[in-house]
Amino acid sequence: MAAPKVAVVGAGVIGLSTALCIAETCPSCSVTVLSDQFSPNTTSDVAAGMLIPHTYPGTPIHVQKQWFKETFTYLFAISNSAEASEAGIHLVSGWQVFKNTPKEELPFWSDIVLGFRPMSEAELQKFPQHRFGQAFTTLKCDCPPYLLWLEKRLKATGVQMHTRKVADLWELHSEYDVVVNCTGIGAHQLVGDEKLFPIRGQVLKVHAPWVKNFIRDGDGLTYIYPGIHRVTLGGTREKESWSLSPDPGTTEDIFDRCCSLEPSLRGAQDIKVKVGLRPSRWCVRLQREVLSQGGVKLPVVHNYGHGSGGFSVHRGTAKEAARLVGECIAALQGSSSRAKL
């Protein structure tokens, strides 16, 4: 058969990295990214991009660990290259602090981040309301630079990018051999996934260049993540809220909570408020499906539902999605060669 045509729907961090993995693993494919929004208008642009995994109850831990390890290894290599600054990827050290000692003192990812250890008594004095903490160094992707860097890599490998609103995956069957669904919260409507729900996140992006260390409350609600140019202060986890409008009361609450962890933030300047809807599920949907209508078949690979953990596992899930696309293409080539016999 001619060069297989693959459409990736969605241009957030999951869509772009999946398209890149497909282009790298299947150079004979023609890959196109279709989305109604590109950076800086995606949900990924709101994310802090910190590599601290969020646990998916419905996904085996060894699988989540593999996704995280592949992502960390990939980004660590970029952080050690001349492209680190353009890609917006850098190492950041800091603390995760708890008011009470957690049941699990060693999270599953503790041996993948760098230098993971319990905090000393002296370090804990910085956080008088907290009794236990963990210190480690991890990676941070600054958005939009990372998405723009991915787009540049895609263009260099010949991937096409088109602004297009896809209302139904079926509308692509006459143009593409395989469709990859990376639409995040959009999959709720696009494929009618009732298991997918939004968790609304409101964050502040502030200018506070003296803040060099990340600080994260163990409950995951309050966090301070320094980027190259701005510090992300968060946050909220509002289940089933679809509102993209910033709430002034929430802004004040986030700022106060972050200042209680890092009082110097009272001097932060130029506060911008951002809102995103995290596409949340019991587990990431990463699977093949064949849609059929009137004898016509359309192979689809789904890769969405990463919730607040998308950046931490994006490269690992993209590699798996690319492998599934390879299986779809092998099946198509097998059936076309059988048809010739």
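Analyst: Happy to; we can go through helix packing, the core and a few backbone details.

User: What should I know before we start?

Analyst: This is a predicted model, where local features need pLDDT of at least 70, side-chain atom pairs count only at pLDDT 80 or more, and totals for chains, interfaces and linings use all residues. Residues are numbered from 1 along each chain as its sequence is written, and side-chain values use heavy atoms, with hydrogens and water left out.

User: Okay, at what angle do α1 and α5 cross?

Analyst: Helix α1 (residues 13–25) and helix α5 (residues 145–156) cross at roughly 25°, and their axes come within 10 Å. That makes α1 roughly parallel to α5; angles under 35 degrees count as roughly parallel, over 145 as roughly antiparallel, 65 to 115 as roughly perpendicular and the rest as oblique. Axes are lines fitted to C-alpha atoms, for helices over the stretch in contact, and angles run from 0 to 180 degrees between N-to-C directions. Helices (H or I, at least four residues) and strands (E, at least two) are DSSP runs, numbered from the N terminus.

User: Which residues of α1 and α5 make the contact?

Analyst: From α1 come Val13, Leu16, Ser17, Ala19, Leu20 and Glu24, and from α5 come Tyr146, Leu147, Leu150, Glu151, Arg153 and Leu154. Contact means heavy atoms within 4.5 Å.

User: And how does α2 sit against α5?

Analyst: The axes of helix α2 (residues 61–79) and α5 come within 14 Å and cross at roughly 90°. The two helices, α2 and α5, are therefore roughly perpendicular to each other. Tyr74, Leu75 and Ile78 of α2 meet Tyr146, Trp149 and Arg153 of α5.

User: New topic: how many residues are in the largest nonpolar core?

Analyst: That core has 66 residues, and Val33, Leu75 and Tyr146 have the most contacts inside it. Its largest share, 9 residues, comes from helix α8 (residues 310–340). A nonpolar core here is a set of buried Ala, Val, Leu, Ile, Met, Phe, Trp, Tyr and Cys residues joined through side-chain atoms within 4.5 Å. Buried means under 20% relative accessible area, exposed over 50%, and partly exposed in between (1.4 Å probe, protein chains only).

User: What does Val33 touch?

Analyst: Leaving out residues up to four places away in sequence, the residues that Val33 touches include Val8, Gly10, Leu16, Phe38 and Leu154.

User: Gly10 turns up there. Is Gly10 buried or exposed?

Analyst: Gly10 counts as buried because its relative accessibility is 7%. Look for Gly10 in the loop between β1 (5–9) and α1.

User: Now the backbone. Which residues does a cis peptide bond join, with omega about 10°?

Analyst: Ser39 and Pro40 are joined that way, and Pro40 is in the loop between β2 (30–35) and α2. The peptide bond from Gly234 to Gly235 is also cis, with omega near 0°.

User: What is the phi of Glu240?

Analyst: Glu240 has a positive phi of about 65°, although Glu240 is not a glycine. Glu240 lies in the loop between β12 (238–239) and α7 (248–261), and counts as exposed at 51% relative accessibility.

User: And where is Asp270?

Analyst: Asp270 is in strand β13 (residues 269–293). Asp270 has a positive phi of about 50° without being a glycine, and at 43% relative accessibility Asp270 counts as partly exposed.
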